[in-house]
Every structure is written in structure tokens, then in C-alpha cells.
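Here is a briefing on one protein model. Look through the sequence and the 3D view, then work down the topics.

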Amino acid sequence: SHKVATPLDAEAAAAIDHDDIVVDLKDDASPAAIEKDLGLTLTLVDRSGDAAKTKLYRAHVDRARQDAIIEALQKRSDVEIAEPDSIMALSPEDMHPVEVQDVGPATPGYPNDPLYGKQWHLRQIGMPEAWKLADGNGVVVAVLDTGVGFENYKNMHVLPDLKGITFVDPYDFVGNSKHAGDDHGHGSHVTGTIAQVTNNGIGVAGVARNVKIMPLKVLSASGSGSVAGIADAIRFAADHGAKVINMSLGGAFPSNVLKKAVKYAHDKGVTVVCAAGNESRNKVGYPAAYPGAVAVSATQNDEAITFYSNTGKDVDIAAPGGNTRDSSGGRNNPDGGVLQNTIEIGNPTKDGYFAFMGTSMASPHVAGVAALVVGEGVTNPDEVEQILKDTARKPANQQYSTVKYGAGIVDAPAAVLKARAETGGWQLGLGLLL
């Protein structure tokens, strides 16, 4: 679980240099003139060595001069955007995972994962029916987060319930390497919801069992990362074949650099799914609130919107985020959380099955269903979003409102069937049958 934090989050502030600004130049502009005129040193924000065409730069500017420098940059005809390099962060005070012991043999039936019985959240979105229909068909889903437990490297290891997933184009935008391992736990948990190996006789299940995962580490072990790095990763994902991006991260303040990156991915055919935020306020955080992003609020196991979930006019759809609070208000109710395989918080040498709560957990349910829709041949992100909304269902025994639920709770089998109908999948299936 995480709380979408503001750029003033103390732990995040320690990891980011607040004297940095980001400058997005016009396509035909050169940094040399700006450096000479304003006495700056512009460094290309391009950790992957692959996106010089983005013209996104970072500059270190003394705090006392920052406002004046940004104002001067914004007036220039060769500058598109100039702003402080703000922080996106997870909130450690809300990170109270509850461990669930993986006991007992595989369960009869499908799926045979022994802890599946505790995954109320998969049943809430209709996965028992959806698994019969679709598996994601190799669609690439980029997870922009704290990394993923996908390789044996240094003190990290492949998580037991992620063995068998295909991982493509990993990159660490924090440490600048291809080893995008998870040193926090959040990113692996999110990945599990999207694509946990299902029906393998161990642990738990996931939504889209045959997608490929692109692990992009944009948040440090403390759960923080810069807007510039996240924007860089969004473009990287779009340029390397991702069809769905999940961002279970955010901030309370808007960034034009991040907004432009989301538009870039959307315009390249990527469905961008984001957590609405955990600040219990009637306003969706960023990047979820941007045009081109699918903003996801969080439900609990009785289908009510959770106490922490942001709501508001920008909510597009709801999905299970969980609530691990017990009757006394403590954080010790594993049956109320979203259950997946991940590392112990901050300790990549150990792993287990942990129940989390947060809009961070809701977003990957929708990203997984989006991948199922894309796998049926619906690739335009606006059409994918419309199918998710058109097929969303109203909550049972709860008062429905658009500011809380958006279009409703995501319905995986209904979304797949509508996608199939729109792409002619029924006709093809009938032809093969005959």
C-alpha cells in the first residue's frame, strides 16, 4: 500500500536534489545558447542512452536563483517547458504489509494456487470467468515502480511466484543500469497482481497470466524518484513496445514534463493506467489526473470505496485496493488486503506472500484487464479505456457515484467479451468451430 505523496515528503526529499530544474527544449533547439545566456549547465535526462530526441535536460540551479531562472527560461522561444524537478513518492507510513503463510498443497480446480482462496480481489473483478477467455496473448506491460524481483543479481533473486514470466527490456532509471531489481517490495507486489504465475501449484494467482513484463525502476529503495526520471521511463516504455503502462505512484502537484510524457505514450498507442492516490481527498493525484491516463480508485472486499482512496471527477474506474485494518483500527487483517508474492519491505534477500492495501494495488488490476483487452486486438488506448468503462459494473450493496467509482468496478470477462465482439473474434471462433 502506498500514499501518493506531495513533493514535500521528507524521505523523498532526502533522495532528490531540490536545486535541480528540468528543461524541455523545442525539437530544433540547442542547449549551447541557453547555457551561454543563463550560465547554466544542461545535462540530458536520458539514463537509458536511447532517447536524445526528447530534448529533456536537467540543470542544477542555486535555490535563490531558481524562480528567476525558470521565469527566464519560460520566456524563451527555444524552450517548451521549464519547471522544478519535483518528487513522486510512496509514503512509508502507510506501508504496513501483512504476511500470509503459504501453507497446504495445491487446491483442486482452477487455479490450483493454494492461497488463491484469499484473493477475494480477483473474484471481485470476475477472474474465474475471464481466465477461461483470455490470457493477455504476450502483450507487453511496463511496470514503472521500485523494480521487480525478476533476476538473480547481487542480493536479489527471482521471486518464486514470478518464475516463468517473460521479462523484456528492464531498466533502472535510478541507478542507470539494466538491473531493475526491486529493493523495496512495492513494484514486485504490483507486478504480481498483473501477471503472477497462475495455476502453478504454489502461492497465488494474477490477472493476465501470459503477458510480458517490462520492469522499469523509477523509484529508489526509499520509494522516491524524480519527475524527470519517470518521464524518461514513460517514453522508454512507449519506444520499446509496451502496450500498457502501470504507474502506482504519484504526487499532488502537476508537472508539464510528466503530462507531456503521458501524452507521448498515449499517442504511440499505449494505455496508461495510474493509481488515483491515497490521500483520502476529493481530488485525483498526478499523473492519474492527466488526459490520456486511466485513473483508478480503490475498493475493499465489500465493494465500498476505501477510506484512503482519492476520489473526484477525474476517477475513471474502480478496482480492488484492499483494506488491512482490523476492527480495532490496527493494520493486521490479511484477509482484507490484496495478496501477492513480493520481498520483505526493503529486504530483497527474503520473500513471502504479503497483503497490501492502496490505490497502488487497484491500478494493476485495471492494467491487467487492459492487457487482456489489448490481447484481443483492441490496441487504440482510447478504445481500450472505453471498453473498460462500458463494461464496468456498479457496486453491489453500495451507493454508486461517479466521483467515487468512475464508470464502476472493472469487470474482466465483460471487457474481454466486448473487445472480442468489436474485433470480430466471435466470427473467427465460429468459423474455426464449423
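## Cavity, helix packing and backbone

The residues lining the largest cavity split into four nonpolar, one polar and three charged. Keep in mind that this is a predicted model.

**The cavity**

- The structure has one cavity of 30 Å³ or more.
- Helix 8 contributes the most, with three residues.

**Helix 7 and helix 8**

- How is a pair of packed helices described?
- For helix 7 and helix 8, the angle is about 5 degrees and the axes lie 9 Å apart.
- Angles under 35 degrees count as roughly parallel, so helix 7 and helix 8 are roughly parallel to each other.
- On the helix 7 side, the contact uses Val227, Ile230, Ala231, Ile234, Arg235, Ala238 and Asp239.
- On the helix 8 side, Val257, Leu258, Lys260, Ala261, Val262, Tyr264 and Ala265 meet them.
- By class, this contact of helix 7 with helix 8 holds 11 nonpolar, no polar and three charged residues.

**Helix 10 and helix 12**

- The axes of helix 10 (residues 381-391) and helix 12 (residues 412-422) come within 9 Å.
- These axes cross at roughly 130 degrees, and helix 10 and helix 12 are therefore oblique to each other.
- The crossing of helix 10 past helix 12 is right-handed.
- Ile387, Leu388, Asp390 and Thr391 of helix 10 touch Ala414, Ala415, Lys418, Ala419 and Glu422 of helix 12.
- That contact has five nonpolar, one polar and three charged residues.

**Backbone details**

- Tyr110 and Pro111 are joined by a cis peptide bond, with omega about -5 degrees.
- Pro111 sits in the loop between strand 6 (98-100) and helix 4 (120-124).
- Another cis peptide bond runs from Tyr286 to Pro287, with omega near 15 degrees.
- Pro287 lies in the loop between strand 13 (271-275) and strand 14 (293-299).
- Asn199 is not a glycine, yet Asn199 has a positive phi of about 65 degrees.
- The loop between helix 6 (186-195) and strand 10 (212-217) holds Asn199.

Terms used
Residues are numbered from 1 along each chain as its sequence is written. This is a predicted model: local features need pLDDT of at least 70, side-chain atom pairs count only at pLDDT 80 or more; totals for chains, interfaces and linings use all residues. Side-chain values use heavy atoms; hydrogens and water are left out. On a 1 Å grid over the protein atoms alone, a cavity is a set of points where a 1.4 Å probe fits but cannot get out, and a pocket is an open set with protein on both sides within 12 Å along at least five of seven lines; lining residues have an atom within 4 Å of a point. Grid points are joined across faces, edges and corners, and a volume is the space filled by probe spheres set on the points. Helices (H or I, at least four residues) and strands (E, at least two) are DSSP runs, numbered from the N terminus. Ala, Val, Leu, Ile, Met, Phe, Trp, Tyr, Cys and Pro count as nonpolar, Asp, Glu, Lys and Arg as charged, and the others, Gly among them, as polar. Axes are lines fitted to C-alpha atoms, for helices over the stretch in contact, and angles run from 0 to 180 degrees between N-to-C directions. Angles under 35 degrees count as roughly parallel, over 145 as roughly antiparallel, 65 to 115 as roughly perpendicular and the rest as oblique. A crossing is left-handed if the near helix is turned anticlockwise from the far one by less than a right angle, and right-handed if clockwise. Contact means heavy atoms within 4.5 Å.
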